[in-house]
Amino acid sequence: MDKIIYLDHYRTTRTSPYVLEKMRPYLEELFYMPVAFTQMGTDIAEAIEEASERIKKALNAPNSEIIYTSGGTQANNMVIHGIMRDQEPEQTGMITSVIDHPSINNAFDYYRKKGFEVKKVKVDEYGFWKTDQLEAALNDNSKLVSITLVNHTIGTIQRYNELKKIIRERNPKTLIHLDISMALMTQEIDFEALDADFLTLSSHKIYGPKGIGLIVSKRPVKLKPIFFGSVVTSPFSPGAENVAAIVGLSYAIEEAVKNRVEHHNKMKALQKHLMNQIEMKIDLVELNGPVDERASDNINYSFRHIEGESIMMFLDFDSIVVATGSACASSDLKVNYILSAIGRDHEMAHGSLRITPGIDTTKEDLDIFVEKLVPIVERLRAQSTIR
């Protein structure tokens, strides 16, 4: 089998060897659970506490509560449902955008059906929230605004400080939930400076293990539990703690923060190189999302007269892995909701590729990708009936 060139790091990343080594003791000899009044249980409880302190230090969140979840999707759901659980529909408003992550948007749709005032702000051609719509959506009933800091498909970095200013001025009591799953590798995350009420993230997007995520919450925590069972560590996540994954996540966050600048600079150079190569060698392409205010590890193009699924399939034959449309909707052949929201027509929305390099990606990998991509595009266009 040829070397796999993996360019789909927004879908998932490998667990780094460093993180695996930190997890290994808790999968082998230290497999115990945190149980009071026993030495082994106390040691494990301390390992979880140390992991939480490691995370707080890395994210500058000294006065926060760390709540562990099964991943980013559960973290988003726990924030949304935990806030809305006992609210009165006619007195409670919720705001997000039309391009936020499905784990946010679909949860908001549930509350719309329950009679809550749910508003979804439209975006401009680059994926930025329309601030006039946010201002109009906010009122005295606004309870929650959920924002995805870096868009999971087109890499747009939301102008969060601008949005926060509007929210705090219009209704200071409105809670702000910020999903940073796609942001931590390339954006500076300072919980105190962000002044959000909740951050959520997923481990497997940042070279940590799958099956673990977290909520960083301001104290006092303004959530109600939505799961119930035996409580040892937190009332918000009852049941058996995934100790190895918690430890692994804490080190993955620490490494992401420590290496952010170096990683961003490498990604920026790769991004610039790939964009230049694609635009120089392939015609009828259009960049999705902004040129400048986009995450450095995201490139997303639409190709006229071709379906992205076809390009992805032929690249896969050459052991090159990319994505088409949203990572969470790639098996759905409907027009991608994000590309549609930024104004792409049906053809260009279907003809998109998302390329997301990672820490192991080299310039040579991208050159091979382009070398394979060019004839695939030419062949598919020659055969295409889309005109």
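The structure is a predicted model in which local features require pLDDT of at least 70 and side-chain atom pairs count only at pLDDT 80 or more, whereas totals for chains, interfaces and linings use all residues. Residues are numbered from 1 along each chain as its sequence is written, and side-chain values use heavy atoms, with hydrogens and water left out.

The protein chain contains 13 helices and 12 strands; these elements are DSSP runs numbered from the N terminus, with helices being H or I runs of at least four residues and strands being E runs of at least two. Along the principal axes, the C-alpha atoms fill a box of roughly 70 × 55 × 30 Å.

Of the 387 residues in the protein chain, 55% are buried. Here buried denotes a relative accessible area under 20%, exposed denotes over 50%, and partly exposed covers the range in between (1.4 Å probe, protein chains only). The accessible surface of the protein chain amounts to about 17,100 Å², and carbon and sulfur atoms hold 52% of this area. Among contacts with a separation of 6 or more, 74% join residues 24 or more positions apart, a contact being defined by heavy atoms within 4.5 Å. The protein chain carries 45 positive and 53 negative side chains, and the centres of the two sets lie 3 Å apart. Lys and Arg count as positive and Asp and Glu as negative, while His and the chain ends are not counted; the charge is placed at NZ of Lys, CZ of Arg, CG of Asp or CD of Glu.

The largest nonpolar core comprises 63 residues, and Tyr68 and Ile253 have the most contacts inside this core. Helix α8 (residues 243-258) gives the most to this core, contributing 10 residues. Such a core is a set of buried Ala, Val, Leu, Ile, Met, Phe, Trp, Tyr and Cys residues joined through side-chain atoms within 4.5 Å. When residues up to four places away in sequence are not counted, isoleucine 253 touches Ile55, Ala58, Leu59, Leu184, Leu201, Ile206 and Leu214. A second, separate core has 27 residues, including Ile5, Leu7, Phe303 and Val322.

Serine 146 is located in strand β5 (residues 142-148). With a relative accessible area of 0%, serine 146 is buried. Beyond residues up to four places away in sequence, serine 146 touches Ile80, Ile95, Thr96, Asp100, Ile104, Phe108, Trp129 and His177.

Serine 70 occupies the loop between β2 (64-69) and α3 (72-84) and is partly exposed, at a relative accessible area of 39%. The C-alpha atoms of serine 70 and isoleucine 212 are separated by 4.3 Å, although these residues are 142 residues apart along the chain. Apart from neighbours within four places in sequence, serine 70 is in contact with Gly211, Ile212 and Gly213.

Backbone geometry was examined at several loop positions. The peptide bond from arginine 219 to proline 220 is cis, with omega near -5 degrees, and proline 220 lies in the loop between β8 (213-218) and α8. Aspartate 195, which is not a glycine, has a positive phi of about 55 degrees; aspartate 195 is found in the loop between α7 (191-194) and β7 (198-202) and is partly exposed at 27% relative accessibility. Tyrosine 207 likewise has a positive phi, near 70 degrees. Tyrosine 207 belongs to the loop between β7 and β8 and counts as buried, at 7% relative accessibility.

Glutamate 28, in the loop between α1 (17-27) and α2 (39-59), is partly exposed at 42% relative accessibility. From glutamate 28 to serine 340, the C-alpha to C-alpha distance is 48 Å, with a sequence separation of 312 residues. Asparagine 242 lies in the loop between β8 and α8 and is partly exposed at 37% relative accessibility. Asparagine 242 and glutamine 91 are 38 Å apart, C-alpha to C-alpha, and 151 residues apart in sequence.

Technical notes: Accessible areas come from the Shrake-Rupley method with a 1.4 Å probe; for residues, only the protein chains shown count as cover.
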